[in-house]
Amino acid sequence: MPKRYQLKRPDLAAAIARELRTCQDTRSHTRLLAARMAGSGEFTSTQIAEQLGISRRRFFDWMNILKARGVEGLLERRHGGGAPPRVRGKALTELKAGLQAGRWKRAKDIQQWLSQQHGVKLKAKGVYYWLGKLGGVLKVPRKTHTHKDAAGALEFQQTLCQRLRSLNTDGGKPVRVWVADEHRYGLIPVVRRCWTLRGERPKAPYQTKYEWGYLYSALEVDGVNAAEFLCLPGVSLEMSRLFLEQLVARDPGAEHVVIWDQAGFHLNPEQHVIPKGIHLLALPPYSPELNPVEIIGDLIKDRIANTLWESLEALEQSLGEELRPIYETAERVRRLVSHPWLIDQLNAIALKPSAITN
């Protein structure tokens, strides 16, 4: 029986796992997978090579580099001959950082920056080459309020576990954790991109008809990954109370923790009477990216876009059809709420007994 490969470097396991979680480069990912499989001691060199589509010789070369220079050496890119790359060193590092920060809007802007700051003159084709090589994509940035406290948002992500433990929940009841938000819809059409032919400019119907409603949404972060929706004619303290009462009615025998933003129409435990069985946890101000349920707004706008709706009833019926796969499929909800920081904080609760875990 072929002998299983033994890396015998347990000190590298943490670094390999850490790099795998964040790696987006296919080449580096393959090397990291080879290192993890080698470290497990469960596979022969032949099995690892076949699984990753490489030769045994290459696998052994990688393992020798890993043992000699660690994970950093394994992932290091070395120039294989020929003319050196035009963009390298400090220019390459700053280009990566600029792309990560969304610094440039056009390839032309990158072209000018390379020329002025680093003396690197590239044609447009060369700029697009480097964009493709670095994994650059064109995205619409998310708006960030100037009053946002970035440090406060980060602190919330790191301390959610402690905040949940501090809630005064009944230790004898199950606890369900929800993220909630509201989304406006109306008879003024939303315009979205659509498929068409090259050279054509599609048109979308439009009307100014001022009728609207609000969709209250809640997704369960853990447990059975349930979903709850309610269409209401507006947003107010009373409307928010109605939605919270609907959550309680879904499972009266449980304690419900609702994480949502600090909108003025949201109930505040220090100012309002909260429905029995509800515990509210406020997100930091101006931090919608921390709320996974925000994605529901995009989903419903994609569904109703580029269409004239004669009535709110017809529009809401369409919304119900779009939302049905979500509230009927726990796996769909799980994918929507699986923000790594949120799941990590909930998992941390299970490691220490509390009213939440009990």
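1. Contact here means heavy atoms within 4.5 Å. By that criterion, and not counting residues up to four places away in sequence, Leu290 touches Ala153, Phe156, Gln157, Leu283, Pro284 and Trp341. The model is predicted: local features need pLDDT of at least 70, side-chain atom pairs count only at pLDDT 80 or more, and totals for chains, interfaces and linings use all residues. Residues are numbered from 1 along each chain as its sequence is written, and side-chain values use heavy atoms, with hydrogens and water left out.

2. Where does Leu290 lie? The residue sits in the loop between strand 5 and helix 10 (295-304). Helices (H or I, at least four residues) and strands (E, at least two) are DSSP runs, numbered from the N terminus. Leu290 counts as buried because its relative accessibility is 5%. Buried means under 20% relative accessible area, exposed over 50%, partly exposed in between (1.4 Å probe, protein chains only).

3. An open sheet of 5 strands runs in the order 3-2-1-4-5, with mixed pairing. Two strands pair if DSSP finds at least two bridges between them. Strand 3 (227-232) and strand 5 (278-282) each have a single partner strand, so one side of each is left without a neighbour in the sheet. Neighbouring strands are turned by 25 degrees against each other on average, direction ignored.

4. Strand 1 pairs on two sides. With strand 2 the sense is antiparallel, over 9 bridges. Tyr185 stands opposite Gly213 in strand 2, and Trp178 opposite Glu220. With strand 4 (residues 255-260) the sense is parallel, over 5 bridges. There, Val179 faces Ile259. Strand 1 has 11 of its 12 residues buried, so it is largely enclosed by the rest of the structure.

5. Strand 2 (residues 212-220) also runs antiparallel to strand 3, joined by 6 bridges. Tyr214 has Leu232 as bridge partner in strand 3; Ala218 has Glu228. The hairpin of these two strands has 6 residues between them, and Gly223 takes a positive phi near 70 degrees there.

6. Which residues have the most contacts inside the largest nonpolar core? They are Leu219, Ile296 and Ile326, in a core of 39 residues. A nonpolar core is a set of buried Ala, Val, Leu, Ile, Met, Phe, Trp, Tyr and Cys residues joined through side-chain atoms within 4.5 Å. Leaving aside neighbours within four places in sequence, Ile326 is in contact with Leu219, Ala227, Phe229, Ile296, Leu299, Arg332, Val333 and Leu336. Apart from this core lies another, of 23 residues, among them Met37, Ile54, Met63 and Leu74.

7. Last, a helix pair. The axes of helix 6 (residues 107-118) and helix 7 (residues 124-133) come within 9 Å and cross at roughly 100 degrees. That makes helix 6 roughly perpendicular to helix 7 (under 35 degrees is roughly parallel, over 145 roughly antiparallel, 65 to 115 roughly perpendicular, the rest oblique). Axes are lines fitted to C-alpha atoms, for helices over the stretch in contact, and angles run from 0 to 180 degrees between N-to-C directions. Ala107, Ile110 and Gln111 in helix 6 meet Ala124, Val127, Tyr128 and Leu131 in helix 7.
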